[in-house]
Number of protein chains: 2
Amino acid sequence: MLLKDIPTAHDIEKAEERIENYIHRTPVFTSSQINEIVGLKVYFKTENLQKVGAFKMRGASNAVLSLKKEQLKKGVATHSSGNHAQALALAAKLSKIPAYIVMPQNAPDVKVAAVRQYGAEVIFCEANLEARESTLREVVSKTGATFIHPYDNYDVIAGQATAAKELIEDTDHLNGIFSPIGGGGLMSGTLLSAQYFGNKMAVYGAEPKGADDAYRSWKAGERILMKNPATIADGLRTSLGERNFPIIQKYVKDIITVSDAEIVEAMKMIFQYLKLVVEPSGAVPFASLLKVKNEFKNKKIGVILCGGNVDLAKLPF
Amino acid sequence: MLLKDIPTAHDIEKAEERIENYIHRTPVFTSSQINEIVGLKVYFKTENLQKVGAFKMRGASNAVLSLKKEQLKKGVATHSSGNHAQALALAAKLSKIPAYIVMPQNAPDVKVAAVRQYGAEVIFCEANLEARESTLREVVSKTGATFIHPYDNYDVIAGQATAAKELIEDTDHLNGIFSPIGGGGLMSGTLLSAQYFGNKMAVYGAEPKGADDAYRSWKAGERILMKNPATIADGLRTSLGERNFPIIQKYVKDIITVSDAEIVEAMKMIFQYLKLVVEPSGAVPFASLLKVKNEFKNKKIGVILCGGNVDLAKLPF
C-alpha cells in the first residue's frame, strides 16, 4: 500500500461537502470541573451525539455517496456487528439503495434490530472471521453489492477525517488531539486532518492495553495483527487495516495504552461531569490523556468521544 | 400570597440579562428515533448540561444578583442537600460573597464535597426539617446572610423562567411544554414564560405518583403538603411553595403523574437515544409525555430535562 494513494486535503473537503446532509456537525463540549481536575483545557468532540451514535456515520456516508451510478443500484454490503453496520444501513437508506449486513448468529438482538430498523437486510453467519468473510463474498457475488470495509477504505478514511477537521475549525489553536485506534479508520483520518487543516498539529493515539496491536505495530515498524483481544472497549478490538497503518506510522506523535480500569474511570468522569453517555471505546482517548496529563499542563487538547452505543444493562459502574 | 406580586415579563427579561454570564444557554436536543417511537416531535431543553448540572443555577444566580449592596457583603444562606445548594454556592462564589449551606448530617459525602468545592461553608444539622429550619435561622441571625429559598422566592422563580423562555425562542411554534413539579420553582417560571413569551402556550406539569401533592392541590384548589413522599425522583419530593401554588393553579393546563417504573423507562430512553445523562427527576416530564403521547400525535412538544446529577453507582438499570 503506497502512501501516495492516501486521501488529500481536497478529498477530505469533498467528503465534508458530500456528507453534509447525512451527518450532524457535532458540538464541542467543555467542563470547567474537568479542566480543574486535569490541569489543562479539554475540548471534547461529541461523536457520541452523531447519527447512529458514533463517528462511523461519516465514513459510511462518504463511501455510499462516492459510489458510481451503476454501483448505487446494486447497493452496499459489509460484515459488522458494531456501529459501522448501523451507519452503513442508515447511509444506504438515506440514499435509497439496498444494504446487506452480514452478522454473526450470536449478535445481540438489539444490534440486529437496529440494523433492520434502517431497512437493511441481515444475513447471519457463524461467529468467526472466516465465516463472516466467506458469507460476505457470497452476498457480494449474488447481489453485486459493493463491499464497504469498516476502516480499510480510503473513502471511509476521508469521511472519518471530517470529525477532526470540524474539531480544529471549532476550537482555537489546540496543542494536540487524542483519538482512538481500533482498525485505524478514525485515527488515520484524524492524522490527515491535523496535517492538512491543523498546521501539522500533534495527534496522539489511544489504545486499550488488551488490544494494543497499533502500539506494537508502530514500535516494530510493521503491521502486527491482534490475536485474542481482551478489553472492555469492544469497538477497538479489531486489528489495524492495511491502508491505515502507513498513515499512522508516518504521522502519529505517540500511542498511549490504557487498562480497562483506566477506561472505566474516564467513562465515569465523562458521565459525571459532561452528562454524556459514552461507550467504553469512546472513553479511551480521555483515559489516555488522563494518564499523561502532566505532560500537557495548561495546554489545550482535543479529545474525540467516538461513540455512545453502550448496553445500559451492562454499564461497568 | 397575591397573584399581583408575581414576576412580570420585564422581571424575567431583566433576570435573563442579569444571569447571562453565570449560566449556559443550554442547547435544544432532538432525536429522529425518539420522534419515530413517540409519534410526535420532541424538543428537549438540556438543563442537565447547565452549570452544576441543573436549572437551579438560573434561580440561584438571579437571587444573588438581585441582592442589594448591603446584603451582598453578608452573603447568602440556604438549607438543601440537593442541586440548589450547589447552585447557590457557585453563584455566591462567582459574586465573591460568602455562602452558608445547612445540610443534614447524613448528606452523601459527594454532595458535601461539591458544595465545599465552590467555597461555601457547610453547617451540619439533624436530618429533619425542623432541625434544618432552626439551624438556618441561627446561621442567618449570626451572619446576617440573606436566606435564598430554593423555590418559594420570586427572584428564584424569575430565574427559572429563563429556561422556558430560551426553549420558546430556540424552537418554532411549540404546541406545549412539559415541565416537572417539585417545590414549583421551575414549574411556575415555565408557566409565566409560556404566558408572556409563548403566546399563552399550554404547559403540562409532570409529577411522580409518589409525591403528587401538586396534582392533589390543583384538584382540591388548595395547597396540600406532601407527607412521606416515596419516589425515585429525589429532586421532586418537596411540597409546593406558597408563592408557586397560585401560579400553577391559575395557568397549568394539566398535571400528569407517573410511576417510578415509567420514570425509569423514560430515563433509559434519554440515555439510549439522546446519549444524555439525566437524574430520575430529569426524566419525569418525558415520562409524562410518553404516558399521554397519543393526545399529541404529530405535534411539537418541548420537554425540560431539568437535571443530570445522578449517583452513577445507583443507576436504576
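How many residues of chain B are in contact with chain A, and how many of chain A with chain B? The count is 20 residues from chain B and 20 residues from chain A. Keep in mind that this is a predicted model.

- On chain B's side, helix H2 (32-38) and helix H12 (260-274) each supply at least two of the residues that touch chain A.
- H12(B) has the largest share of that side, with four residues.
- Sorted by kind, the residues of chain B that touch chain A come out as 10 nonpolar, seven polar and three charged.

**How chain A divides up**

- The contact between them takes in 25 residues from domain 1 of chain A and 17 residues from domain 2 of chain A.
- From the UniProt record (an unreviewed entry) comes a further label: residues 20-307 of chain A are listed as "domain: Tryptophan synthase beta chain-like PALP".
- That span, residues 20-307 of chain A, is 45% helix and 16% strand, and its end C-alpha atoms lie 19 Å apart.

- About 1600 Å² is buried between domain 1 and domain 2 of chain A, with carbon and sulfur atoms giving 57% of it.
- Three residues stand out here: Arg18(A), Tyr22(A) and Val52(A) supply 44% of the area that domain 1 of chain A buries against domain 2, more than any other three residues.
- Polar contacts join 13 residue pairs across domain 1 and domain 2 of chain A, again with both residues at pLDDT 80 or more.
- Helix H1 (9-19) and helix H8 (154-169) of chain A are the elements that give two or more residues to domain 1's side of this contact.
- H8(A) gives the most to that side, with eight residues.
- The domain 1 residues that touch domain 2 of chain A divide into 10 nonpolar, seven polar and eight charged.

**Salt bridges**

- Over all chains, the structure holds 23 salt bridges.
- One of the pairs is Glu166(A) with Arg58(A), whose closest N and O atoms are 2.9 Å apart.
- Glu166(A) lies in helix H8 of chain A and Arg58(A) in helix H3 (residues 56-65) of chain A, so this pair ties together parts that are 108 residues apart in sequence.
- Across the interface of domain 1 and domain 2 of chain A, the rule finds two salt bridges.

Key: Residues are numbered from 1 along each chain as its sequence is written. Chains are lettered from A and ligands numbered from 1 in the order in which they are written. This is a predicted model: local features need pLDDT of at least 70, side-chain atom pairs count only at pLDDT 80 or more; totals for chains, interfaces and linings use all residues. Side-chain values use heavy atoms; hydrogens and water are left out. Contact means heavy atoms within 4.5 Å. Ala, Val, Leu, Ile, Met, Phe, Trp, Tyr, Cys and Pro count as nonpolar, Asp, Glu, Lys and Arg as charged, and the others, Gly among them, as polar. Buried area is the accessible area (1.4 Å probe) that two parts lose on being put together, summed over both. A salt bridge is a side-chain nitrogen of Lys or Arg within 4 Å of a carboxyl oxygen of Asp or Glu. A polar contact is a pair of N or O atoms within 3.5 Å; within protein, one must be able to donate a hydrogen and the other to accept it, and residues adjacent in sequence count only if both atoms are side-chain atoms. UniProt positions are given in the numbering used here, feature names are shortened, and annotations may be inferred rather than shown by experiment.
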